[in-house]
Amino acid sequence: MKTFLKYILALLVVFSLSSCNNKTSRNYQYMPNMYEPVSYEAYQESDAFANGIEAQLPAEGTIPRGGFMPYEYEDTNEGYEAAKANLVSPMDSLQVDYERGKELYDVYCGICHGTKGAGQGTLVKREKILGVPSYADAGRAITTGSIYHVIYYGKNTMGSYANQLNEEERWQVVAYVEKLKAELEK
Amino acid sequence: MKHVIYRNLTSKILSFGFIFFLTFSISINAQEETAEAAGDPVNGKSLFNANCAACHRLNKPMTGPALANVEQRLYEEEGLDREWLNKWIRNSAGLISSGDAYANKVYNEWNQVAMNAFPQLSDQDISDILAYTAAPPPAPAVAETAVAEQAGGAQGGISNEIILGALAVLFGLLAMALIVVKRTLNRFAEAKGIPVVEEDEKRLPLWKAFVQNQFLVLVTSIFFLLGSAYFVYGYLMQVGVDQGYEPVQPIHYSHRIHAGENGIDCKYCHSSARVSKHSGIPSLNICMNCHKAIGQVAEATQQEGINEYGVDYNAEIQKLYKAVGWDESTQSYTGETSPVEWIRIHNLPDLAYFNHAQHVSVAGVECQTCHGPVEEMEIMYQHAPLTMGWCINCHRETNVNVQDNGYYAKIHEELSKKYGVEQLTAAQMGGLECGKCHY
Ligand code: HEC
Ligand code: HEC
Ligand code: HEC
Ligand code: HEC
Ligand code: HEC
Ligand code: HEC
Ligand code: HEC
């Protein structure tokens, strides 16, 4: 009987030790004084702002440092038409880097538009997102300006990619899309 | 991905059947064939998916109105005929500017969103599309596939259980066989007259004999001490290491579905990994790039979630909509947002510095090297220990990527001469200097 009790005790000890090892909470730390940041960390909660989020939108009317060009066309049908007709790329042929354009395109656009731009990305083939046009679609007749405008603001179900791609990267992607369009139309 | 194959197969068989049926019905009932009514819903479906589905659903408003039975609806409510529809679809802007009353009315009702022009669609194409919008959705097909899939899933489960059960039975049989063998051996021994050693009263109990043997006690206690030291050391070393940490997130977001099954690139969401210290957690507008269109997961996905993970995926997407303030019925943002408080998993202590761009863009290390098989994780967990030893080991083992990196050309040449090697490791480039990681 006694041995039986001992077994139970041993089992209990093992069990209580292993139950400390809970995957949904963090482990113990020794003296964590130098672990915890004094300064603000990314995504930390903060009472400096009303909604407690540290990641804030820039104040309206402010401009980031360094070679920033404001985008003048508005997010309306007229803005779209104007950009489609007038906007041209600021890059010359030496600045266009199709390899980088392809890399960015495959990450951000290929998933819907397909690596060839025919509107047959993985999500379309799996019927998750429908109605992705081919770049060669005659009814749309996209131009340099309209591609940039669409990346900047999005269009209907397509979202904006302005926060994932910076200005120079957007123009690289535009150049690559135009290349795909030319290849599709061949 | 056999679910998908099943589904496609069924829909293909159905559509074949449909075409078959159509060709027959048309050729037999030739008198019913009029120029307009012969729309082919199968071709219509593919045209609809390619051209119109970006803005229209059959039964739900999206960017544009729901289109189920649109021809009949417009005819009954507004008295508009096929000719109007042809004009509208080929060039809605033209119709609006020509002052057509109803065209202007819907245009204004839908916040003046312009519908594309489709001059390339022929009369036949438009008939096909309208036939598709008029055809009732193939409900039985969906039910059938769902059942088939459930059966398939259950089969997998059963076969596993059968194997386990068979193993258990096997072990039981083995144990019984052993007992039987022992019994027969005993019986043999008795028959031959050899005394079977049963309880021997006069013998010392084992533990007394043990205690009397000093040497044995010494060896055992050393053994015991070493053993427990090993465990204590192991326990102390894992204090502060969060390997395997797997918190419950506010939205059940699955990397398996996004990065695995649908093959979305890591950098699509973690886009700052290319250029900054942090990889970043995507803000909700990035989710909405896709989830504006994906309000519900496919039937197969939903079943899988409930059966295998006990999660209602559609409810999780509703949580996303609530957080970002998206009203599905009006397809617009309400402006009432509430932040999603993702729980941070990977977190180095403040005394160490780690930079993603250096590893992802410069060194070209794959995310999976450090974060494990993310594309298979239903729930994200910490794969690596993130200890200093882990960082240092990899710096010792991994070569620096010098290709197309003019910045490294000279220093690489000099250092590789110094160390007498072809390829420098990160450690030889200075990846072991305390100041690189501790500041
Ligand atoms: C989530 C899927 C998705 C992704 C990712 C995506 N698009 Fe689109 N794109 C669409 C859809 C849907 C449309 C059709 C929009 C509409 O209703 O007119 C579209 C339309 C377009 C058009 C034609 C717009 C016009 O003028 O008619 C262009 C150009 C375009 N996308 C470029 C891009 C580029 C460049 C990227 C990468 C930065 C990208 N897309 C990423 C879904 C996507
Ligand atoms: C760019 C998005 C878009 C695409 C692509 C699109 N539509 Fe539309 N459609 C709309 C919008 C928005 C309206 C509402 C009227 C308006 O604002 O112009 C509309 C209205 C309509 C109407 C009138 C519905 C009613 O209730 O009065 C019909 C019919 C229609 N579309 C058919 C089609 C067909 C057929 C296609 C494919 C060949 C198509 N649409 C492609 C956006 C689109
Ligand atoms: C569709 C968007 C999306 C894609 C694609 C994606 N992730 Fe994530 N990732 C998230 C979100 C949202 C979170 C936060 C929720 C969580 O931790 O599960 C996250 C969390 C993580 C974390 C944990 C962050 C922490 O708190 O420490 C890691 C590591 C990670 N992702 C790696 C990857 C890798 C590697 C890939 C590519 C295989 C990838 N992700 C693809 C959206 C995405
Ligand atoms: C590139 C497109 C894309 C992006 C971006 C995206 N999703 Fe998804 N999401 C999908 C697809 C595709 C599915 C699966 C739909 C199906 O199987 O029918 C899905 C399914 C889901 C589901 C249900 C399954 C699950 O994972 O629990 C949730 C919840 C979800 N997404 C949340 C998010 C959140 C939160 C974000 C932003 C961090 C996000 N999604 C970004 C494409 C996307
Ligand atoms: C060399 C190893 C390594 C590689 C490669 C790597 N990570 Fe990380 N990742 C880490 C470490 C270490 C942390 C913890 C950083 C911290 O706490 O400062 C981390 C943190 C994260 C986080 C949490 C948020 C943050 O930025 O601190 C995300 C999300 C993430 N990684 C995603 C990715 C993605 C996506 C990739 C591939 C593009 C990637 N990681 C490649 C080691 C790596
Ligand atoms: C998968 C392997 C791997 C792991 C794990 C890894 N690193 Fe690295 N790290 C590299 C490589 C390769 C380089 C060289 C990059 C280059 O070309 O500059 C590097 C470079 C660095 C540098 C710049 C060194 C210099 O000479 O400028 C720092 C700082 C660094 N790593 C910190 C860390 C920290 C902190 C960790 C652990 C949290 C870590 N690394 C984990 C592979 C790794
Ligand atoms: C490749 C990056 C790297 C280099 C080089 C490096 N360390 Fe570390 N070190 C780390 C990381 C990451 C941690 C945090 C480990 C953890 O949280 O378990 C750490 C933790 C430590 C700690 C423990 C602090 C604590 O309280 O947990 C000490 C002490 C330390 N490092 C000293 C050094 C010294 C001395 C050197 C130079 C010989 C050095 N490190 C070089 C990455 C590095």
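These questions and answers walk through a predicted model and the terms used to describe it.

Q: How do you know how to read the numbering and letters here?
A: Residues count from 1 along each chain as its sequence is written, while chains are lettered from A and ligands numbered from 1 in the order in which they are written. Since this is a predicted model, local features need pLDDT of at least 70, side-chain atom pairs count only at pLDDT 80 or more, and totals for chains, interfaces and linings use all residues.

Q: What makes up the confidence picture for chain B?
A: The term to know is pLDDT, the predictor's confidence in each residue, from 0 to 100. On that scale chain B has a mean of 81, and 84% of its residues reach 70 or more. Residues 1–36 of chain B fall below 50, and this stretch has 24 contacts in the model beyond near neighbours in sequence. Residues 139–157 of chain B are also below 50, with 18 such contacts. Two residues are in contact if their C-beta atoms, placed from the backbone, lie within 7 Å. For the model, the scores are ipTM 0.86 and pTM 0.78.

Q: Why is Glu308(B) called exposed?
A: A residue is buried if 20 or more other C-beta atoms lie within 10 Å of its own, exposed if 12 or fewer, and partly exposed in between, with C-beta atoms placed from the backbone. Glu308(B) has 11 other C-beta atoms within 10 Å, so Glu308(B) is exposed. Its place is in helix H14 (residues 299–309) of chain B. From Glu308(B) to Thr334(B) is 26 residues in sequence and 34 Å in space, C-alpha to C-alpha. For chain B, 15% of the 439 residues count as buried.

Q: What makes a set of residues a nonpolar core, and which residues have the most contacts inside the largest one?
A: Such a core is a set of buried Ala, Val, Leu, Ile, Met, Phe, Trp, Tyr and Cys residues joined through C-beta atoms within 7 Å. The largest has 56 residues, and those with the most contacts inside it are Ile151(A), Val173(A), Val174(A) and Val177(A). Helix H7 (residues 167–185) of chain A gives the largest share of this core, 7 residues. Leaving out residues up to four places away in sequence, Val174(A) touches Ser89(A), Thr144(A), Ile147(A), Tyr148(A) and Ile151(A).

Q: How do you know which residues surround ligand 4?
A: A residue is near a molecule or strand if its C-beta atom, placed from the backbone, lies within 6 Å of it. For ligand 4 there are 26 surrounding residues, with Ser254(B), Cys287(B), Cys290(B), Ala298(B) and Glu316(B) the closest. Ligand 4 lies between chains A and B. H13(B) gives the most to this shell, with 5 residues.

Q: What makes a residue in the shell around ligand 4 nonpolar, polar or charged?
A: Ala, Val, Leu, Ile, Met, Phe, Trp, Tyr, Cys and Pro count as nonpolar, Asp, Glu, Lys and Arg as charged, and the others, Gly among them, as polar. The shell around ligand 4 then has 17 nonpolar, 7 polar and 2 charged residues.

Q: What makes up the shell around ligand 2?
A: It divides into 18 nonpolar, 7 polar and no charged residues. Of the 25 residues around ligand 2, Cys52(B), Cys55(B), Gly64(B), Trp110(B) and Met115(B) come nearest. Ligand 2 lies between chains A and B, and H4(B) gives the largest share of its shell, 3 residues.

Q: What makes up the side of chain B that touches chain A?
A: Here 43 residues of chain B are in contact with 35 residues of chain A. The largest share of that side of chain B, 4 residues, comes from H13(B). By class, the side divides into 24 nonpolar, 13 polar and 6 charged residues.

Notes
Helix = DSSP H or I, 4+ residues; strand = E, 2+ residues; numbered from the N terminus.
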